Amino acid sequence: MSSIRNTVSVLLLLSGSAASVAAETPVPAALAAPGEAVVLTAHAEGAQVYECKAGADGKPMWSFREPIATLLVDGKTIGRHYAGPNWEHGDGSAVAGKVSASAPGATASDIPWLKLEITSRRGSGLLADVTTVQRINTQGGKRDGACDAVGSFVSVPYSADYVFLRKP
């Protein structure tokens, strides 16, 4: 029984440390948000969805369509991330943003790290005052190059940490 208790304790410590690691991850200068305070750091697990479309040269290429992800804190679902890009918290607050800066992911298969400026808000919950979102610690999610059939879709699994910030 004590080994189960120890295992659970270790897992709880590890899941709690994931959010603090994300909050302490150094970001490239282009993604920095000086003077802004962290409101929430959430881990995302999901997929980046791509559609096969004709490129400028007429050849079929993968084109990013939308993200679909669950937002987690301490292993518990607290919201979702979807096309827009939008982030919605379980308390009903939500934000939408646009990319203002990017930096490469750690490997060629990782989507880039991003800084997104908030363009709209709704609700009065935790995300109500968010002004910036950083996507960091990305793993996977990238698909580019040629594809076979225009109109086909592919979902590429990814994970990332999203840091929600606000101005004082």
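Student: How many aromatic pairs does the count come to?

Tutor: Three aromatic pairs, where rings of Phe, Tyr and Trp (its six-membered ring) pair if their centres lie within 6.5 Å. Keep in mind that this is a predicted model: local features need pLDDT of at least 70, side-chain atom pairs count only at pLDDT 80 or more, and totals for chains, interfaces and linings use all residues. Residues are numbered from 1 along each chain as its sequence is written, and side-chain values use heavy atoms, with hydrogens and water left out.

Student: What makes W87 and F164 an edge-to-face pair?

Tutor: Planes under 30 degrees apart count as stacked, over 60 as edge-to-face and the rest as tilted. W87 and F164 are 6.2 Å apart centre to centre, with 85° between the planes, so they pass the 6.5 Å limit and land in the edge-to-face class. W87 sits in strand β4 (residues 86–89) and F164 in strand β8 (residues 153–166), so the pair ties together parts 77 residues apart in sequence. Strands here are DSSP runs of E, at least two residues, and helices are runs of H or I, at least four, numbered from the N terminus. W87 and F164 also belong to one aromatic cluster with Y162.

Student: Why are W87 and F164 called buried?

Tutor: Buried means under 20% relative accessible area, exposed over 50%, and partly exposed in between (1.4 Å probe, protein chains only). W87 has 1% and F164 has 0%, so both count as buried.

Student: What makes R65 and E51 a salt bridge?

Tutor: The rule asks for a side-chain nitrogen of Lys or Arg within 4 Å of a carboxyl oxygen of Asp or Glu. The closest N and O atoms of R65 and E51 are 3.3 Å apart, so the pair qualifies. R65 is in strand β2 and E51 in strand β1 (residues 37–54), 14 residues apart. E51 is buried at 17%, while R65 is partly exposed at 43%. E51, R65 and E66 are linked in a network of salt bridges, and a search of the whole structure finds five salt bridges.

Student: How do you know that E117 and K115 meet in a salt bridge?

Tutor: Their N to O distance is 3.8 Å, so they fall within the 4 Å limit. K115 is buried at 14%, and E117 is partly exposed at 25%.

Student: Which residue forms a salt bridge with E88?

Tutor: R80 does, the closest N and O atoms being 3.4 Å apart. R80 also lies over the face of Y82, at 4.1 Å from the ring centre. That label needs NZ of Lys or CZ of Arg within 6 Å of the ring centre and within 35 degrees of the ring normal.

Student: What does the side chain of R135 reach?

Tutor: The backbone oxygen of P112, at 2.7 Å. A polar contact is a pair of N or O atoms within 3.5 Å; within protein, one must be able to donate a hydrogen and the other to accept it, and residues adjacent in sequence count only if both atoms are side-chain atoms.

Student: What about D110: which backbone nitrogens lie by its side chain?

Tutor: The backbone nitrogen of T107 lies 3.0 Å from a polar atom of the D110 side chain, and that of G140 lies 2.7 Å from one. D110 is buried without a salt bridge, the nearest side chain of opposite charge, K142, being 9.0 Å away.

Student: Where is D110 found?

Tutor: In the loop between β5 (94–103) and β6 (113–122).

Note on methods
Lys and Arg count as positive and Asp and Glu as negative; His and the chain ends are not counted.
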